[in-house]
Amino acid sequence: MLKTYLPFLQHHLSPPRLQHSLNVMGIMQELAQIYSLNPTQAMTAGLLHDAAKDLSPTQLLNLAEEANFTFNDPCEQHPIYLHAPMGAYFIAGEFGITDSLILDAIRTHSFGPGPTFDTPFSWCLRFADILAPVKEWAGMKKLKNIVYAGRREEAALLQSGWLIQYLQEMDIPVHPHLAATFQGLLARLKVNGSFFERW
């Protein structure tokens, strides 16, 4: 796998971003055992999920035009959201990848909608992405414990809530689909306020 994709990633990603992608691949390998995923699919998605992350905003928008990408909300033009669907488009064109599970997980890992958004595979990619940072962040151990215990919906609620908080702090628009996902999980799980405390 690395032999196939590494030269491409080395060319398109900064060294820290490449290391992050390798770490996500490793976490996806671990989560594959917990959530009964195909290990090869999981590791491939993990390795390639940020293929377009280091492209400039202009390059991402140019790719979107080339792909005839339809923006469902103006916020999707922000790189934090756009790198995901363009990453899927990028690797599909570069490597001829047609596996819809891999492509849709990459396309939706920044919380845009997609047909497999709520599958364990797609959630595992989001979990692996946030659990493989350059440095540890407040709450990371708590989220990791829940993810590795196989408590997918609780982990999804925690990650969604904390991500919304982060985006608001950074003055980045919250994607409507992320907000709806959070509200849906919150209504279903009915957690108390202490659930979102970080440790």
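Residues are numbered from 1 along each chain as its sequence is written, and side-chain values use heavy atoms, with hydrogens and water left out. Because the model is predicted, local features need pLDDT of at least 70 and side-chain atom pairs count only at pLDDT 80 or more, whereas totals for chains, interfaces and linings use all residues.

Helices are DSSP runs (H or I, at least four residues), numbered from the N terminus. Helix 3 spans residues 39-48. Of its 10 residues, 7 are buried, so helix 3 is largely enclosed by the rest of the structure; buried means under 20% relative accessible area, exposed over 50%, and partly exposed in between, with a 1.4 Å probe and protein chains only. The buried residues of helix 3 are Ala42, Met43, Thr44, Ala45, Gly46, Leu47 and Leu48. They pack against helix 1, helix 2 (15-34), helix 5 (79-95), helix 6 and helix 7, where contact means heavy atoms within 4.5 Å.

Within helix 3, glycine 46 has a relative accessible area of 0% and is therefore buried. Not counting residues up to four places away in sequence, glycine 46 touches Ser21, Val24, Met25, Met28 and Leu125. The C-alpha atoms of glycine 46 and cysteine 124 are separated by 9.3 Å, although the two residues are 78 residues apart along the chain.

The axis of helix 3 comes within 10 Å of that of helix 6 (residues 100-107), and the two cross at roughly 35°. Axes are lines fitted to C-alpha atoms, for helices over the stretch in contact, and angles run from 0 to 180 degrees between N-to-C directions. The crossing of helix 3 and helix 6 is right-handed; a crossing has this hand if the near helix is turned clockwise from the far one by less than a right angle, and is left-handed if anticlockwise. Helix 3 contributes Gln41, Thr44, Ala45 and Leu48 to the contact, and helix 6 contributes Leu101, Ile102 and Ile106. By class, this contact of helix 3 with helix 6 has 5 nonpolar, 2 polar and no charged residues. Here Ala, Val, Leu, Ile, Met, Phe, Trp, Tyr, Cys and Pro count as nonpolar, Asp, Glu, Lys and Arg as charged, and the others, Gly among them, as polar.

Helix 7 covers residues 120-130. Of its 11 residues, 8 are buried, so helix 7 is also largely enclosed by the rest of the structure. These are Phe121, Ser122, Trp123, Cys124, Leu125, Arg126, Phe127 and Ala128. The buried residues of helix 7 pack against helix 2, helix 3, helix 6, helix 8 (140-148), helix 9 and helix 10.

With helix 9, helix 7 packs at an angle of about 50°, the axes being 11 Å apart. The two helices are therefore oblique to each other, given that angles under 35 degrees count as roughly parallel, over 145 as roughly antiparallel, 65 to 115 as roughly perpendicular and the rest as oblique. Their crossing is left-handed. Pro120, Trp123, Arg126, Phe127 and Ile130 in helix 7 meet Arg152, Ala155, Ala156, Gln159 and Ser160 in helix 9. The residues of this contact divide into 6 nonpolar, 2 polar and 2 charged.

Threonine 181 lies in helix 10 and is buried, with a relative accessible area of 10%.

The largest nonpolar core has 62 residues, of which Leu9, Leu31, Phe127 and Val147 touch the most other members. A nonpolar core is a set of buried Ala, Val, Leu, Ile, Met, Phe, Trp, Tyr and Cys residues joined through side-chain atoms within 4.5 Å. Leaving aside neighbours within four places in sequence, leucine 31 is in contact with Ser36, Leu37, Cys124, Phe127, Ala128, Val147 and Tyr148.

Phenylalanine 8 lies in helix 1 (residues 2-12) and is buried at a relative accessible area of 7%. Apart from residues up to four places away in sequence, phenylalanine 8 touches Ala51, Phe90, Glu94 and Phe95. The C-alpha atoms of phenylalanine 8 and phenylalanine 95, 87 residues apart along the chain, are separated by 9.8 Å.

Positive phi values occur at two non-glycine residues, aspartate 171, at about 60°, and lysine 190, at about 50°. Aspartate 171 is in the loop between helix 9 (152-169) and helix 10 (176-189), and counts as exposed at 71% relative accessibility. Lysine 190 is in the segment after helix 10, and counts as exposed at 67% relative accessibility.
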